[in-house]
Amino acid sequence: MSIQAIRTEENLITAKPYYEPIGDEVEVFAAAYRNQLPVLLKGPTGCGKTRFIEYMSWHLQRPMITVACHDDLTAADLIGRYLVKGGETVWVDGPLTRAARNGCICYLDEIVEARKDTSVVIHPLCDDRRLLPIEKLGELLQVPDTFCLAISYNPGYQSVMKDLKQSTRQRFVALEFDYPAPAKEQLIVENEAAGIDRDLARRLIQFGLMTRNLKGSGLEEGASTRLLVNAAKLMVAGIAPVVATDSAVALALTDDEDMLKTIHELSRSVF
């Protein structure tokens, strides 16, 4: 794993991202930020966690660095390492170190996907110490007040091998996300897929709710808000609703033939 593979740039969001609050999450996150408390976002995939962080970056006027965690992501990838450049060995900060030095919001998306040694790195950042040990430099970095660590995970995908330990989760202020209520989800779809017919959007939300009822009966997850928005955009582009839902939702959710047939039938019953 090379550090270039996860290299990201500080992103100062200047245009207000579209986000519909589902509760008090904006106020809670802002209060946590002012008190230098790390934040944990938990909820199903595609429910708006990443969009929320982008919105908070704009709201707080702090640049953000996002890291999409995966099985090969190690603590060294986050902290940094020595690399050979032009015949010289130079130190290159990882995304977590850059965020800590520059007072950014660092968002570790799906933290449980990373290797276990990453939790050891973030623990000192999540208590009163607010420190980032950089062992290879012999440096103990005291992070500025403007630095904020946010992590996310999907409780629905937890397993014995991929779980967030109590020693980690109890260091965070936690915000729970879920799919919005139907009326609000329809509003989101209408805003994200500009031009979609209102009745078509309503039926799309109805279809999404029907797929979510299949969770645990052959599906790991039902249609996320993200997938419904994708289907809506296809419809706006002239794709027939049943084809749009098959392509953007059914085939994205499963490869199981019986389950695909069930979702197809749900789509045809609505559209």
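This is a predicted model: local features need pLDDT of at least 70, side-chain atom pairs count only at pLDDT 80 or more; totals for chains, interfaces and linings use all residues.
1. Cys104 is buried, at a relative accessible area of 0%; buried means under 20% relative accessible area, exposed over 50%, and partly exposed in between (1.4 Å probe, protein chains only). Cys106 likewise counts as buried, with 0% relative accessibility. The structure holds zero disulfides, a disulfide being a pair of cysteine sulfur atoms within 2.5 Å. For Cys104, the nearest cysteine sulfur is that of Cys106, 8.4 Å away. That distance is too far for a bond.

2. Residues are numbered from 1 along each chain as its sequence is written, and side-chain values use heavy atoms, with hydrogens and water left out.

3. Five strands form an open sheet in the order 2-5-8-1-9, with parallel pairing. Strands (E, at least two residues) and helices (H or I, at least four) are DSSP runs numbered from the N terminus, and two strands pair if DSSP finds at least two bridges between them. Strand 2 (64–68) and strand 9 (173–176) stand at the edges with a single partner strand each, so one side of each is left without a neighbour in the sheet. Neighbouring strands are turned by 20° against each other on average, direction ignored; axes are lines fitted to C-alpha atoms, for helices over the stretch in contact, and angles run from 0 to 180 degrees between N-to-C directions.

4. Strand 1 (residues 39–42) and strand 9 run parallel and are joined by four bridges. Within this pairing, Leu40 stands opposite Ala174 of strand 9. Helix 1 (residues 25–34) packs on the sheet, where it touches strand 1, strand 8 (148–153) and strand 9; contact means heavy atoms within 4.5 Å. The direction of helix 1 makes about 165° with that of strand 9. Helix 4 (residues 95–102) also packs on the sheet, touching strand 2, strand 5 (105–109) and strand 8, and its direction makes about 160° with that of strand 2.

5. The count of aromatic pairs comes to seven. Rings of Phe, Tyr and Trp (its six-membered ring) pair if their centres lie within 6.5 Å; planes under 30 degrees apart count as stacked, over 60 as edge-to-face and the rest as tilted. The rings of Tyr19 and Phe52 have centres 5.4 Å apart and planes at 50°, so this pair is tilted. Tyr19 lies in the segment before helix 1 and Phe52 in helix 2 (residues 49–60), so the pair ties together parts 33 residues apart in sequence. Tyr19 is buried at 12% relative accessible area, and Phe52 is buried at 0%.

6. Phe52 also pairs with Phe29: the ring centres are 5.6 Å apart and the planes stand at 85°, so the pair is edge-to-face. Phe29 in helix 1 and Phe52 in helix 2 are 23 residues apart. Phe29 is buried, with a relative accessible area of 0%. One aromatic cluster is formed by Tyr19, Phe29, Phe52, Tyr55, Trp58 and Phe177.

7. Two backbone angles deserve a remark. Most residues other than glycine have a negative phi. Gln36, although not a glycine, has a positive phi of about 55°; Gln36 is located in the loop between helix 1 and strand 1. Gln61 has a positive phi of about 55° and is found in the loop between helix 2 and strand 2. Gln36 is partly exposed at 27% relative accessible area, and Gln61 is partly exposed at 44%.
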